[in-house]
Structures are given as structure tokens and as C-alpha cells.
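Come along and follow the entries with the structure at hand.

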Amino acid sequence: MFNIGDLVIYSNVGICQIDDICEKTYGGMTRTYYIMHPIDDNSLIIQNPVDNDRILMQGIIDKSESEELLESFKLPGIQWIDNSSERQKAYSGIASSGDRQEISRVLNTLLCKKHELEMNDKKLSEHDRRLLLYIQKILFKEFAITLDTTVEAVTKKINQMIAFKMNKTSRHEVAKYVN
């Protein structure tokens, strides 16, 4: 159970802060509810039953996990799936799983593919672009909070790691054919 003041990842809304935990009665049924708001929108109030297992709600990661996940962007992500409908199903499933390590790997792959395509004056598909932005918004904000920095600083650091990795890969690919 979470406490008042805790930051949580709530479904597809993103990072929310729990403002209250109280009992509410709806339709003659009394249950305990988390009352929360997205940290980027104080005007939106969300009420979620404490015992609701159908909606993903989990605490944010700690500093050491953030540092470990951040470093993982130096490594390869997951395998790119060429078939767009298979990719959409697989990557969206991972994104909704709540497993930050796997979500980071999907984001890593999407960022690498975006970088690769941009080098060839192309763009990600609309679905891939939306998924990348959705994951990036939540995960980078989570990194920024736990590492006591800004989303911009996290974005810059990860983009530098991706660019370095992609440039290194390109040099190795060229060297394979030259030697």
C-alpha cells in the first residue's frame, strides 16, 4: 500500500502524487481510495480504489535503479521487429507491463531506429513515434526525479549515448567492408 505524498506511476497517465487515502461510498459499496493528481497537472484529480488490480499502479524506481537503467542505453536494446503490426503488439505490451528494464530496452531500440532513420532522411512510423514519446515522457521524468536533475539533462545524456553508440556501430560496419 502506498502512502500520502508517494509518487507512483499510474496506468497511462504517468507520474502521480498521492494526496489522500480515504473511504468513499459509490453505489452502496464503501472502499478505500487513493486520491491523486498527475505531477504535471494539479487540476486533474484521480480516484482509484486501493484494491483495484485492473489498473497498473506502481511506485517509482529508486536512484540506483535509475542509474543502472540510464547506463543500459549504452548497450543494445531489444531486437527490432520488421513487421509493424507484430512490433506494435510486442512493444506496446512491454510498455504497458511496468517492467522498467524491458521498457528501457524498447525505448533504447526506438531511439536507435529513430537516429538511424534520421541519418537517411526518413522518419519513424506514427505508431512508433507515439510509443517512443509516451515511454520517453514517463521514464525520463522518473529518471529526472530520482536523479535530482531535469528531463532536459536526462534527454541530452541519453541522446548522446545513442548517438555515440550509433556512430560507433556505423564505423564498425564500414570497417567490416573496408578490411
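Entry one, helix packing. Before looking anything up, I noted that axes are lines fitted to C-alpha atoms, for helices over the stretch in contact, with angles from 0 to 180 degrees between N-to-C directions. I also kept in mind that this is a predicted model.

I looked up helix 2 (residues 84–95) and helix 4 (residues 126–146), and found their axes 11 Å apart at an angle of about 10°. Angles under 35 degrees count as roughly parallel, so I wrote down helix 2 and helix 4 as roughly parallel to each other.

Next I asked which residues make the contact. Helix 2 brings Arg-87, Gln-88, Tyr-91, Ser-92 and Ala-95, while helix 4 brings His-127, Asp-128, Leu-131 and Ile-135. Sorted by class, I see four nonpolar, three polar and two charged residues in this contact.

Entry two, aromatic rings. How many aromatic pairs are there? I count four aromatic pairs.

I picked Tyr-26 and Tyr-33, an edge-to-face pair with 5.6 Å centre to centre and 75° between the planes. Tyr-26 is partly exposed because its relative accessibility is 43%, whereas Tyr-33, at 8%, counts as buried.

Then I turned to Phe-140 and Phe-143, a stacked pair with 6.4 Å centre to centre and 20° between the planes. Both lie in helix 4, three residues apart, which is about one turn of the helix. Buried or exposed, I wondered about Phe-140? Phe-140 is buried, with a relative accessible area of 1%, and Phe-143 is buried at 0%.

Terms used
Residues are numbered from 1 along each chain as its sequence is written. This is a predicted model: local features need pLDDT of at least 70, side-chain atom pairs count only at pLDDT 80 or more; totals for chains, interfaces and linings use all residues. Side-chain values use heavy atoms; hydrogens and water are left out. Helices (H or I, at least four residues) and strands (E, at least two) are DSSP runs, numbered from the N terminus. Angles under 35 degrees count as roughly parallel, over 145 as roughly antiparallel, 65 to 115 as roughly perpendicular and the rest as oblique. Contact means heavy atoms within 4.5 Å. Ala, Val, Leu, Ile, Met, Phe, Trp, Tyr, Cys and Pro count as nonpolar, Asp, Glu, Lys and Arg as charged, and the others, Gly among them, as polar. Rings of Phe, Tyr and Trp (its six-membered ring) pair if their centres lie within 6.5 Å; planes under 30 degrees apart count as stacked, over 60 as edge-to-face and the rest as tilted. Buried means under 20% relative accessible area, exposed over 50%, partly exposed in between (1.4 Å probe, protein chains only).
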